[in-house]
Amino acid sequence: VSLHSSSNESGDSGVTQNYLQTKEVDVPLLHDKFASFEVNTEENNKCLECKKSVFLQCGPLLMREWRNLYRDRATLVARFVVTGIIFGMFAFVFFQRGDIDRDNWSPSSHFGALTMVGVSVMFSNVNPVLLTFPLQRPVFMREYAGGLYGAIPYVLSRTVIDIFTTAVTSLYSWMIAYFLMG
C-alpha cells in the first residue's frame, strides 16, 4: 500500500491530505496461495477485504488449531485426568445403579445417575472452551484486524476442533460411567 499526498479542494498547496491508493496487496496467511487482499479506499481505509472463500481460509486455521491441540499436551492430559477423576467419583457414588437385576434397583436412582452424568459431561466439556477463548482473543483480534481471515472461518475451525475433543472426552466419560454404573 502506498501513501500519497495531494492538495485539498480549495487549491491551498500548503495543506495536504493523505489517502491510500487502491492497490493489490499479497499478505501471507500461513501459505501464500491462501491470501490475496485488496485495500479499498472508497469503503473504508482500514478495512482489508479478503478475496478467498471461507473454506480456503479455514484450511490453515484448522491446521493451526490441530497443531495447538497436539502441542499443548499438558492441557490435553489434564483434561482427561480431571474427567477420569470426576467420573470415577460419580461411578463409585452410583455404583451399579443401572443393573436392573439387583434387588435395590429403582428407576429414579437409575435416571438420577444418568442425569448427573449427562449434566457433568456437558459442564466438563464447556469449561475448557470458556477458559481458552479469552486467552486466544488478542491473537484473533490482531489477525482479524490485519485482514488475514474473517470471523466465520475462525469460528468454524475452532468449532471443528472443539467438536472432536468434546466427542473424545464425552466418550471417555460415558465409558467410565457405563462400565461402573452398570
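Against which helices do the buried residues of helix 3 pack?

## Basis of the model

This is a predicted model, in which local features need pLDDT of at least 70 and side-chain atom pairs count only at pLDDT 80 or more, while totals for chains, interfaces and linings use all residues. Residues are numbered from 1 along each chain as its sequence is written, and side-chain values use heavy atoms, with hydrogens and water left out.

## Helix 3

The buried residues of helix 3 pack against helix 1 (54–71), helix 2 and helix 4, where helices are DSSP runs of H or I with at least four residues, numbered from the N terminus, and buried means under 20% relative accessible area with a 1.4 Å probe, protein chains only. Among these buried residues are Ser 109, Ser 124, Asn 125 and Glu 143.

A kink of about 45 degrees lies at Gln 136, shortly before Pro 138; the bend is the angle between axes fitted to the seven residues ending there and the seven starting there. After helix 3 comes Gly 147, with a positive phi near 80 degrees.

## Nonpolar core

The largest nonpolar core has 10 residues, including Phe 87, Val 117 and Met 181; such a core joins buried Ala, Val, Leu, Ile, Met, Phe, Trp, Tyr and Cys residues through side-chain atoms within 4.5 Å. Helix 2 (73–93), helix 3 (107–145) and helix 4 (151–181) each supply at least two of its residues.

Leaving aside neighbours within four places in sequence, Val 117 is in contact (heavy atoms within 4.5 Å) with Phe 87, Trp 174, Ala 177 and Met 181.

Technical notes
Buried means under 20% relative accessible area, exposed over 50%, partly exposed in between (1.4 Å probe, protein chains only).
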